[in-house]
Amino acid sequence: MKTKKINKNMVTNILYPVIFGAIILILCQTQIMHKILGTDVFTLPLPSRIIEIISENIPKIMVNVKATLIVSVGGLIIGSLLGYLLAIIATVFPKGGAGGLSVAAAFNAIPIVVIAPIFNNLTKGISSDASFRSMIAKTLVVTVFCMASMSINAYRGLNELPPFSVDLLKSYAAGNFTIFKKLRLPNSIPYIFIALRVTVPGCIISGVVCEYFAEYVIGVGRQIRENIVTAQYATAWAYITVACIMGIIMYIILLIAENVLLKGRKS
Amino acid sequence: MRKRFKEFGALLTAVMMVCFTVSGCGSTATSSATGSTSGSETASSAKSSSATESTSSSGKYFDKDATVKEVLTKASEEGKIGNWGGGNEYELLALLSKYGLKTSFLSQGYDMDGFDDDSILLASVMTYNEKGLVKNSYPGGYGYGDKVKTIDFNQEGVGMLEDNIFCTKDFAKANPNTVKAFISASLKGWKDACADPEAAAETVYKYGSSVSSQHQSYMAKEVKKLVETDINGNAVSDDKLGYINDDAMQQTLDIFRKYVKLDDSSANDALQKMALDDFRDNSYWEGATSGDFGTPEKSDVTIQLKWLPQAQFMGYYVALDKGYYKDLGLNVTITPGGGDIGETTAVYTGQADFGTTWPATLISADASGMGLLEVAQIYQRSGLQMVYKINQ
């Protein structure tokens, strides 16, 4: 019975996306996709050529991948921690908490293209080293994005408790801290993963986008821009593919972590 | 009652948080504004700030008599060389390679604030645009006057040709008369514009300008120099205006493939094998100047500019304004560029019939298979320079 369930999960979670991806790849390689979209192999290069470019430029690509990962993962971790902290504060002070989180939700709605140049200017005084202050500016943008999403979801996890559970614990004479530790914290774990499912792919996207505006010329996103402007579409697509792979790998890591940590829970 | 109190509390906190954010932004915004003095304020404040700086730190900028190599080495070591990228960086890469320095640069914004607040010590400028903003003190200028010096790429032997006219090879083959008529009318416009830059600047301003009228007039005078002087500093005769000089073009191609490596290996191979005949054709220019062409095959044509409407493109605006295009049976639309609009892509996809770009960008596009063809070379020398402040 159990093995059957796992198999079914595997089919829906892994097999279907892989088949879908393979179909897209085949359509591209056989140029059927080009006919459907009315484009040509110059604007949308063949997958074989893209892979060729990636394999030829691995050292250069890795430098850019590293720069993007530092920004994205750094922003993700700091943002998630800050977001959770904000949710805790909002829970401890319930009178203003919910309203305060609405403001955090508003932050979530600010487009990256708007805050990226602002943070660039704000961080100019931080350091005389452009690569460092540029990295800080980019990380801040990702942080803001991740923080907003995490705080809203974590707040729900900390407060949307099973009915009467708080009353029950109070009847056992449990203090607020005990309620937090025994009830709220475990209850919020699945909600953390709900937030992470949005922020993990999102942190790569926001990292890539804010590299467009960054002062220091580095990163996968910057390479995409430079190559498109100079009409090097095949190379640009190579970097787009790299960005996709980064996002997918991060998401797979998240799914594995979720499976391990939430074992025995209903997700 | 309790619920209402709760609501009020939530509202109050929300308002407070908004206030904090706004005030936070406010204070930081002012601090950044003082860091990068912007706009009309600059003219007056720049003088006082540079005066105090010269007493406190005499070696912060560059020595008045420093050689090009010394300037480049210092700026490179501090990692404070700026360029806009996106195809404008090739001459800089060539210059840095020539002196054996590492070829990295900072991303320069489209204003000169980074240069003004010293986050960039050696900044890229176009003689007709940013250099004017840095030196002059009209509105929008930074008023540095003689406190800055420049490095000229032409003199360093790594000058590359800039603004040209191009279309796709297929378009040129299918519509030779349209191409010749377009070149002919455009050259007439450029001749008029160079004869009277002030009037040309006013014409451009009328058609929608991205900059002030004083700056437009400065730009027109500087552009005139680029059109009428060749890459070696000799005057271009009137009947050679817009002609593609093979020596200068070969230099552009050689510098490009010597110092720039494309990541796409097949494009890089194509670049190494490329010859002048693969991407430029003077026969349309010759046909246009001799007047040897019939009625245009296609009369409604569009030209995609490389940048916003400004005197950099005054010839086209003058030709349009004086009806030179109409005289030859052309109905021309001028599409401004700007930001990340790729003029090569616009022409390749057929959104525009003609475009202006720099040959280096065209060569790189052709190397990866775009099939573009340069038909005239308006600017006969490089207008790119590097600007730096000198110690007072």
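## Polar contacts and salt bridges between the chains

In this predicted model, 14 residue pairs are in polar contact across the interface of chain A and chain B, both members of each pair being at pLDDT 80 or more. By class, the side of chain A that touches chain B comprises 14 nonpolar, 10 polar and 12 charged residues.

The interface of chain A and chain B also holds 3 salt bridges. One salt bridge pairs Lys124(A) with Asp117(B), and the closest N and O atoms of the two residues lie 3.3 Å apart. The distance qualifies because the rule asks for a side-chain nitrogen of Lys or Arg within 4 Å of a carboxyl oxygen of Asp or Glu.

## Extent of the interface

Contact between the two chains involves 36 residues of chain A and 39 residues of chain B. Together, chain A and chain B bury about 3,000 Å² between them, and 53% of this area is on carbon and sulfur atoms.

## The second largest pocket

The second largest pocket has a volume of about 810 Å³. Its lining consists of 25 residues, of which Lys60(A), Gln223(A), Glu89(B), Leu93(B) and Phe105(B) are the closest to the centre. Both chains are therefore represented among the lining residues, a lining residue being one with an atom within 4 Å of a point of the pocket.

Three helices each supply at least two residues of this lining: helix 4 (58-92) and helix 10 of chain A, and helix 4 (90-98) of chain B. The lining of the second largest pocket divides into 10 nonpolar, 8 polar and 7 charged residues.

## Cavities

The count of cavities of 30 Å³ or more comes to 2. The second largest cavity has a volume of about 40 Å³.

The lining of the second largest cavity is made up of Gly87(B), Asn88(B), Glu89(B), Tyr90(B), Glu91(B), Met160(B), Leu161(B), Trp358(B) and Ala360(B). By class, these residues are 5 nonpolar, 2 polar and 2 charged. Glu89(B) lines this cavity and is also one of the residues closest to the centre of the second largest pocket.

Key: Residues numbered from 1 in each chain as written. Chains lettered and ligands numbered in written order. Predicted model: local features only at pLDDT ≥ 70, side-chain atom pairs only at ≥ 80, totals over all residues. Heavy atoms only, no water. Contact = heavy atoms within 4.5 Å. Buried area = accessible area lost by both parts, 1.4 Å probe. Polar contact = N/O pair within 3.5 Å; in protein donor to acceptor, adjacent residues only side chain to side chain. Nonpolar A, V, L, I, M, F, W, Y, C, P; charged D, E, K, R; others polar. 1 Å grid on protein atoms, 1.4 Å probe; cavity = no way out; pocket = protein on both sides within 12 Å on 5 of 7 lines; lining within 4 Å. Points joined across faces, edges and corners; volume = space filled by probe spheres on them. Helix = DSSP H or I, 4+ residues; strand = E, 2+ residues; numbered from the N terminus.
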